[in-house]
Amino acid sequence: MHPSVLADQLQERRVPGDLVAWIESFCNRRSASVVVGGYESLVKDIGHAGIPQGSPLSPILYAFYNANLVQGQINKRQGSIGFIDDYNAWVVGPSAAENTRRLQTQLLPRAEKWTQESGAVFEAQKTAFIHFVRPLQPDRGLTNHLVFGNKTVAPKQRVKILGVTLDSGLSMNEHMSKAVSKAIGKCMALRKICGVRLAQMRQMYIVAVVPTTDYAASTWYALSRIGVKRHVAALERVQRLAARLILRAFKSVAMLVLQSEAKLQSVSERLHERVSNHITKLCSLALDHPL
């Protein structure tokens with residue numbers, strides 16, 4: 001991140017001049033040394049230091065830095081979000097061809113202009129492009145592509161955004177399949193631990209496995225949504241395996257007995273509570289907040 005560009009962005013948003021000068025000094029003339037074991041290197045200046053990783057101020061400053069890229073109204077037709085160096089934008093329209101045209105003529109020129117102003121560089125090979133379409137929609141958008149950075153970006157069947165895998169039909173099948181696979185792998189790792197009391201084994205399951213299965217649950221869990229029962233059933237298989245490991249129980253023990261003896265919430269109750277908490281947080285936001 002270029003400190004001079006950051007200073008310009010802060011001034012553009014009416015941050016007081018003294019604070020801008022302090023921040024610019026904070027980002028410049030930094031030095032560092034490397035410590036490995038008992039060895040400590042000489043202190044050397046860091047060229048193009050930018051904002052330091054790990055500082056609580058850095059994410060705030062980066063939000064100002066890329067504000068011109070993400071700032072804009074989020075409505076039913078378009079929007080964009082940014083998280084550190086991850087940028088996502090979308091448009092909604094009657095066809096994949098129309099959406100592709102809008103992205104090519106409106107969004108990409110804006111992104112390219114921002115790269116020239118900020119000095120940041122988009123990696124074209126990491127740029128993903130997908131059409132979300134209804135199952136019976138005739139225009140699936142598979143032939144529509146974008147040109148970004150002199151490279152052709154073809155639409156994909158699935159993309160990963162902040163740890164959530166989205167497929168073109170938004171069925172979330174791919175996301176749940178990966179989550180279940182990772183969770184089973186962690187359960188198998190717990191299986192190798194011996195001599196641990198029930199309460200500690202239960203705690204390890206809740207801390208290590210449950211976050212893997214329930215991550216971003218509010219993006220897919222809703223009782224009325226098609227396919228949710230199948231996803232919940234997959235997570236119940238994970239919980240059944242974990243409960244057996246906690247209790248060292250036989251395969252034939254009923255699920256209700258396993259959950260009761262292991263003192264575990266049912267999967268449906270756990271997901272409902274997690275999503276309800278998320279909704280409560282959203283409802284407490286300001287009325288003009290995009291979410």
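The following legends describe close-up views of a predicted model.

**View 1. The second largest pocket and its lining.** The volume of this pocket is about 320 Å³. Its lining comprises 16 residues, of which Met1, Ile51, Tyr62, Ile84 and Asp85 are the closest to the pocket centre. Helix α3, spanning residues 58-65, contributes the most to the lining of the second largest pocket, supplying 4 residues.

**View 2. A nonpolar patch on the surface.** Four side chains are named here: Ile74, Ile81, Trp90 and Val92 make up the patch. Together, these residues have about 300 Å² of accessible area. Isoleucine 81, one of the members of the patch, belongs to strand β5, which covers residues 78-83. With a relative accessible area of 37%, isoleucine 81 is classed as partly exposed, because partly exposed residues lie between the 20% limit for buried and the 50% limit for exposed.

**View 3. Leucine 170 in the loop between β10 and α6.** The loop that holds leucine 170 lies between β10 (164-167) and α6 (173-191). Although leucine 170 is not a glycine, its phi is positive, at about 55°. The relative accessible area of leucine 170 is 35%, so this residue is partly exposed.

**View 4. Methionine 172 in the loop between β10 and α6.** Methionine 172 is located in the loop between β10 and α6. Its phi is also positive, at about 65°, although methionine 172 is not a glycine. Methionine 172 counts as buried because its relative accessibility is 1%, and buried means under 20%.

Note on methods:
Residues numbered from 1 in each chain as written. Predicted model: local features only at pLDDT ≥ 70, side-chain atom pairs only at ≥ 80, totals over all residues. Heavy atoms only, no water. 1 Å grid on protein atoms, 1.4 Å probe; cavity = no way out; pocket = protein on both sides within 12 Å on 5 of 7 lines; lining within 4 Å. Points joined across faces, edges and corners; volume = space filled by probe spheres on them. Helix = DSSP H or I, 4+ residues; strand = E, 2+ residues; numbered from the N terminus. Patch = residues over 30% accessible without salt bridge, like charges linked within 9 Å, V, L, I, M, F, W, Y side chains within 5 Å. Areas by Shrake-Rupley, 256 points an atom, 1.4 Å probe, with all protein chains shown as cover. Buried < 20%, exposed > 50% of the residue type's maximum accessible area, 1.4 Å probe, protein only.
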